[in-house]
Amino acid sequence: MGDRQEIDGGQKALWNGLAGRGWVDMQALTDRMYEPLGDLLVDAVVAVSRGAVLDVGCGTGRTTVAVARRLGVGSRCTGVDISEPMIAAARARVERDGTPAQFIRADAQDYGFEPASVDTVMSRFGVMFFEDPVRAFANLRRAGTSGAALRSIVWRGMPENAFMTTAERAAAPLLPNLLPRRPDGPGQFAFANNRRVRGILEESGWNDIEVRPIDVECAFPETDLVAYLTRLGPVGLILQEADERTRARVLDAVRPAFEPFVHGADVRFTAACWMVEARGSR
Ligand SMILES: C[S@@+](CC[C@H](N)C(=O)[O-])C[C@H]1O[C@@H](n2cnc3c(N)ncnc32)[C@H](O)[C@@H]1O
């Protein structure tokens, strides 16, 4: 997930290219595996929102739609994402099911959101990819009304999330172009350090900041494991473009490394995350 910015020319290129396409193709799988985290986030948003919500880095729109359904008629839920293919998939989702949510394709760091237009800013795994997180969170704060709420789920560190790094540890000897993750991002683990998260939010003008650990059980069918490995994450990104021989060799090395997470027909892992809460200035 999003750690090849050095060779791909930035997050925008990455999410409009291989990473975005991988997420669109794997939409059903990510919907399912991250559903418990989505439920937790949507509950937290519904508890504070009066009906105007901005979902940042909304991807294919699963959480935007879930919140719009819960808040019901009269609510205004908008998803924003930098990725054209992800936003196209989000729009197709609401066309299919008739949920009144809207989507904007834009960089949330500097898009000119209507000032004071939302009472809650939410995100599931969509805020760790900013090149300039302070500028981004200041921009999001200005989109919020006085005292607007922020509710966001982000990953804690790599050691606590072994599932997420198993593929690259097993594949590293075979993939010389697999770059090491950069701990302060942009990337999946850019918000692993809770003091850094707090500092970013303070500097961008958010108050009443709480960064609370949550450990959430996630699962998906074992029959989807190979698709997951070959389409998502840093190894999946490389394998999307690799020749058949390389794919086969890497899969032979990586698939057995996931055995500890396979329980009968399911793959199970614990997502070690932070629930980030804050309030915009009044
Ligand atoms: C890991 S995906 C999460 C998608 C979705 N929130 C979910 O939980 O299914 C991260 C998302 O953040 C988006 N993103 C990255 N940088 C962004 C930016 N500067 N502005 C808006 N979206 C961004 C990516 O395009 C991608 O859809």
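This is a predicted model: local features need pLDDT of at least 70, side-chain atom pairs count only at pLDDT 80 or more; totals for chains, interfaces and linings use all residues.
Local features here need pLDDT of at least 70 and side-chain atom pairs count only at pLDDT 80 or more, while totals for chains, interfaces and linings use all residues. Residues are numbered from 1 along each chain as its sequence is written, and side-chain values use heavy atoms, with hydrogens and water left out.

Trainee: How many residues of strand E4 are buried?
Mentor: Strands are DSSP runs of at least two residues and helices (H or I) of at least four, numbered from the N terminus. Buried means under 20% relative accessible area, with a 1.4 Å probe and protein chains only. E4 covers residues 118–124 and is largely enclosed by the rest of the structure, because the buried count is seven of the seven.

Trainee: Which residue in E5 is the bridge partner of Val 121?
Mentor: Strands pair if DSSP finds at least two bridges between them. E4 and E5 (residues 144–155) run parallel, joined by six bridges. In E5, the partner of Val 121 is Leu 150.

Trainee: Are the rings of Phe 163 and Phe 269 stacked or edge-to-face?
Mentor: Rings of Phe, Tyr and Trp (its six-membered ring) pair if their centres lie within 6.5 Å; planes under 30 degrees apart count as stacked, over 60 as edge-to-face and the rest as tilted. The structure holds 17 aromatic pairs. With centres 4.1 Å apart and planes at 5°, Phe 163 and Phe 269 are stacked.

Trainee: How many residues apart in sequence are the parts that this pair ties together?
Mentor: Phe 163 lies in helix H9 (residues 162–171). Phe 269 belongs to strand E8 (residues 266–280), so the parts tied together are apart in sequence by 106 residues.

Notes
Buried means under 20% relative accessible area, exposed over 50%, partly exposed in between (1.4 Å probe, protein chains only).
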